[in-house]
Amino acid sequence: MLTSKVAKRYAQGLLDFTQESGNTEAVFGEMKDIVKIMSSSKELNQFVNTPIIDSRKKEAIALEIFKDFSPVSKNIIRLVIKQGREAQLKNIAQEFINKVEDIKGTQRITLVSATALSKDNIQKIIADSKMVNVSNYDLETIIKPEILGGYILRIGDQQIDASVRTKLGNIKKEFQLN
C-alpha cells in the first residue's frame, strides 16, 4: 500500500520528537492501537472522513476515544485534526509503526492461507523460506479460502506464492499454450 507524503512527514516528525523525548516505545504501542481501532471501526472512519463535521467536534470526540493515551499521542491527534488531515490519521500511525520497526530491524511478514495454520506449520514455512531473520519479525496471518490451499508468504517486497490456485492457473496456461 502506498503511503502519502503527508503521512510520511507527520510520522517522521513524530518519530524525531519521541526519540528526543525518550518515549518512542509508549507512542509505538499507542499508534498500534490507533491502527487497530480505525481498522475495525467503519463508523469511526466515516465520522473522521466527513467534511461537514467541525474540526473542534472531531478533536473532542477523538480525544475522548483515545483518552488513555500519552500527551504526545494526544497532541499528534490534535495537530492532525487541526490541520485538516484527520483522514490521514491511520496512515500516519501505520507509517510511524513501520519507521520504528525499521529502526528495530523488524521484518514485516504476511502469511495468507486457505485455512488457519498451526504455530508449528507457520514456523516451518517461515524457516523454509530462508528470507526471514527468524529472531525479529512481525507476523500477520490472513485466511483467504479462495486460494484453495497452500500459502502466500510476503516478506517486505518479496513474495512466495505456493497456493493451489496459482498452481492450477499455471497448469491452465500451459494447456492453453500447447
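Me: How exposed is arginine 108?
Reply: This is a predicted model. In it, arginine 108 has a relative accessible area of 31%, so arginine 108 counts as partly exposed.

Me: Which residues does it bridge to in that network of salt bridges?
Reply: Arg108 is linked with Glu101 and Asp102 in a network of salt bridges. The contact with glutamate 101 is 2.9 Å, N to O. For aspartate 102, the closest N and O atoms are likewise given as 2.9 Å apart.

Me: And glutamate 101, is that buried or exposed?
Reply: Glutamate 101 is buried, because its relative accessibility is 3% and the limit for buried is under 20%.

Me: How many salt bridges are there in the whole structure?
Reply: The search finds nine salt bridges. Another one of them joins the side chains of glutamate 86 and lysine 58, at 2.8 Å from N to O.

Me: Where do glutamate 86 and lysine 58 lie?
Reply: Lysine 58 is in helix α4, and glutamate 86 is in the loop between α5 (71-82) and α6 (89-104), so their bridge ties together parts that are 28 residues apart in sequence. Both glutamate 86 and lysine 58 are buried.

Me: Changing topic: how many cavities of 30 Å³ or more are there?
Reply: The count comes to one cavity of 30 Å³ or more. The volume of the largest cavity is about 80 Å³.

Me: What lines the largest cavity?
Reply: The lining includes Met38, Leu44, Phe47, Val48, Ile61, Ala62, Ile65, Phe66, Ile81 and Leu89.

Me: How many of the lining residues are nonpolar, polar or charged?
Reply: The lining of the largest cavity has 10 nonpolar residues, two charged ones and no polar ones.

Me: Now the core. How many residues are in the largest nonpolar core?
Reply: The largest nonpolar core has 28 residues. Those with the most contacts inside this core are Leu14, Met31, Ile34, Ile76, Ile77 and Phe96. The elements that supply two or more residues to the core are α1 (5-21), α2 (24-40), α3, α5 and α6.

Me: What does methionine 31 touch?
Reply: Leaving aside residues up to four places away in sequence, methionine 31 touches Leu14, Ser73, Ile76, Ala93, Phe96 and Ile97.

Me: On to the loops. Where is leucine 148 found?
Reply: Leucine 148 is found in the loop between β2 (137-143) and β3. Although leucine 148 is not a glycine, its phi is positive, at about 70°.

Me: Is that leucine 148 buried or exposed?
Reply: Leucine 148 counts as exposed, because its relative accessibility is 55% and the limit for exposed is over 50%.

Me: And where does aspartate 157 lie?
Reply: Aspartate 157 lies in the loop between β3 (150-155) and β4 (158-163). With a relative accessible area of 77%, aspartate 157 is exposed.

Me: How far apart are aspartate 157 and isoleucine 109?
Reply: In sequence, aspartate 157 and isoleucine 109 are 48 residues apart. In space, they are 9.9 Å apart, C-alpha to C-alpha.

Methods: Residues numbered from 1 in each chain as written. Heavy atoms only, no water. 1 Å grid on protein atoms, 1.4 Å probe; cavity = no way out; pocket = protein on both sides within 12 Å on 5 of 7 lines; lining within 4 Å. Points joined across faces, edges and corners; volume = space filled by probe spheres on them. Nonpolar A, V, L, I, M, F, W, Y, C, P; charged D, E, K, R; others polar. Salt bridge = Lys/Arg side-chain N within 4 Å of Asp/Glu carboxyl O. Helix = DSSP H or I, 4+ residues; strand = E, 2+ residues; numbered from the N terminus. Buried < 20%, exposed > 50% of the residue type's maximum accessible area, 1.4 Å probe, protein only. Core = buried A, V, L, I, M, F, W, Y, C linked by side-chain atoms within 4.5 Å. Contact = heavy atoms within 4.5 Å.
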